[in-house]
Amino acid sequence: MAKASATVFFCRECGYESTKWLGQCPACHQWNTMTEAPKAASGGTPSRMARSTGRLGMQAPVRLDEIGEGEETRQKTGFEELDVVLGGGIVPASLILVGGDPGIGKSTILLQLCRNISEAGRSVLYVSGEESLKQIRMRAARLGTFGANIRFLSETGLDRISELLTEEKPEVVVIDSVQTMYQEEVSGAPGSITQVREATMTLLRIAKNFGITIFIVGHVTKEGTVAGPRMLEHIVDTVLYFEGDRNASYRIIRSAKNRFGSTNEVGVFEMTGKGLQEVKNPSAFLLEGRPEGAPGSIVTCTMEGSRPLLLELQALVCKTSFGMPRRTSAGIDYNRVNLLMAVLEKRMMLHVNDCDAYMNVAGGMRVNEPALDLAIIMALVSSYKDRPLPDDTLVIGEVGLAGEVRAVRMAERRVAEAVRMGFTRCILPAGNLPAARSVSASGEGGAVKLIGVRTAAEAIACL
Ligand code: TYD
Ligand code: MG
């Protein structure tokens with residue numbers, strides 16, 4: 001009989017397991033992500049799971065009508081923005097992964113969430129493997145007062161934590177972060193793929209068997225020295241990702257997976273001196289400080305999930321002083337900008353080939369949607385010709401290689417948002433006119449003039 005090898009190879013990105021090393025992961029097609037790790041004691045088989053969670057009772061199979069109905073009542077987080085992302089609140093006994101870059105605000109929002117939940121009379125345990133109790137206290141001091149329902153623990157031993165959870169059964173638990181958790185009987189250092197995976201499996205068992213809602217924090221790392229949260233996505237119920245520019249104060253929480261709600265909903269927050277605060281009107285927030293009558297500045301509307309967000313695109317186009325034109329773009333795909341400049345050169349006879357071009361999304365947002373094409377083109381031409389577009393005009397539309405303007409999805413929502421924000425003119429694809437007309441007729445914020453265009457050249461004529 002062949003001797004079983006003592007190590008296996010895992011993909012750091014998605015957790016794909018293989019007995020031999022591979023250059024490219026067959027599951028997620030990433031290169032150089034396979035790492036060798038000692039084989040788990042028995043790879044998450046029932047015997048091992050039973051040991052790690054101790055005295056869990058076995059459940060007998062039941063019929064559907066034997067399952068109580070009231071279990072789906074959702075708990076509010078105290079943040080409307082977060083409730084929306086979660087699909088209406090927290091489903092009890094769910095396992096929720098909160099991922100994001102270090103320092104983005106994961107610990108902060110979870111601490112605030114714990115505070116809100118504990119104030120609603122629920123017992124909460126906040127376990128930190130990264131910070132000492134003193135450090136937690138310092139952070140908490142910035143966020144307000146904490147009542148008696150919330151308790152803190154600084155601990156990395158998961159065996160001790162699971163014992164505590166099964167004894168005390170708090171309603172909500174935060175594990176910050178899964179990469180610091182350690183189990184004696186699992187091989188590998190904290191943060192290794194086996195440790196992180198086993199820790200998540202253990203927490204899943206506890207959540208389901210004892211009806212405890214567990215939030216786990218997972219840092220996203222590019223270097224891959226610790227296992228990424230992406231490989232945990234299939235274990236947990238819900239995955240929330242924290243995004244945002246560290247230099248900008250806004251933060252976006254997006255659900256990448258949700259067993260109990262739709263994905264791609266976003267919540268917008270702002271990092272303040274007193275923790276994270278909800279941004280109820282993100283469009284106003286993103287348009288703040290917009291220059292008036294400035295050439296190269298165009299307002300457009302992007303969809304984040306089902307939510308429209310107005311934002312300002314800025315372009316600066318000037319004759320290049322050296323042979324090689326310089327092009328940069330922040331917040332938008334650089335290649336898309338280059339492609340649209342080629343469309344300008346070829347289809348509209350605008351000689352931008354020997355121009356430097358700089359594009360920027362104001363506020364540090366990152367967007368990648370074809371519906372912004374026309375706004376990118378308008379910003380470029382507006383700067384090139386030094387002619388501004390009136391401040392109350394919104395531009396949406398996808399541009400094809402022939403310079404034609406194509407219809408975008410959810411045009412009526414975008415126009416409605418523009419109306420709400422007081423815009424009075426909207427340049428949009430002619431194909432979207434019928435849908436948009438229904439909005440402009442019934443819009444609350446007054447009438448909006450719709451200018452339907454078929455080609456990018458028609459839109460540029462509005463400058
Ligand atoms: P943190 O929640 O520790 O990030 P993570 O857990 O994702 O690593 O966020 C830390 C950052 O947030 C740090 O740069 C300080 C800043 N911060 C504020 O600006 N205001 C606050 O009230 C708090 C608590 C933190
Ligand atoms: Mg943290």
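The expected span is 1.5 Å times one less than the number of residues in the helix, and helices here are DSSP runs of H or I with at least four residues, strands being runs of E with at least two, both numbered from the N terminus. This is a predicted model, in which local features need pLDDT of at least 70 and side-chain atom pairs count only at pLDDT 80 or more, while totals for chains, interfaces and linings use all residues. Residues are numbered from 1 along each chain as its sequence is written, chains are lettered from A and ligands numbered from 1 in the order in which they are written, and side-chain values use heavy atoms, with hydrogens and water left out.

Is α3 mostly covered or mostly uncovered? Twelve of its 14 residues are buried, so that α3 is mostly covered, where buried means under 20% relative accessible area, exposed over 50%, and partly exposed in between, with a 1.4 Å probe and protein chains only. Among the buried ones are Lys-106, Ser-107 and Thr-108. After α3 comes Gly-121, which has a positive phi, near 90°.

Next, select ligand 1, which is surrounded by 16 residues, the closest being Gly-103, Ser-107, Thr-108, Thr-272 and Gly-275; a residue is counted here if one of its heavy atoms lies within 4 Å. Thr-108 places a polar side-chain atom 2.6 Å from an oxygen atom of the ligand. An N or O atom in the side chain of Arg-139 is 3.0 Å from an oxygen atom of ligand 1, and for Arg-142 the side-chain N or O atom is 3.2 Å from a nitrogen atom of ligand 1.

Now move to Asp-237, in the loop between β8 (213–219) and β9 (238–243). With a relative accessible area of 2%, Asp-237 is buried. Its side chain has a polar contact of 2.6 Å with the side chain of Lys-208, a polar contact being a pair of N or O atoms within 3.5 Å, of which, within protein, one must be able to donate a hydrogen and the other to accept it, and residues adjacent in sequence count only if both atoms are side-chain atoms. A polar atom of the Asp-237 side chain also lies 2.9 Å from the backbone nitrogen of Leu-95.

To see the largest nonpolar core, select Leu-344, Met-359, Met-365, Leu-374, Met-378, Leu-380 and Ile-427, which have the most contacts inside this set of 49 residues. Such a core is a set of buried Ala, Val, Leu, Ile, Met, Phe, Trp, Tyr and Cys residues joined through side-chain atoms within 4.5 Å. Helix α9 (residues 373–385) gives the most to this core, with eight residues, and at least three residues come from each of domain 2 (76–280) and domain 3 (285–460), bounds that come from an automatic or database domain assignment. Apart from this core lies another, of 32 residues, including Leu-153 and Val-239.

Finish in helix α10 (residues 411–420), where Ala-411 is found. Ala-411 counts as buried because its relative accessibility is 1%.
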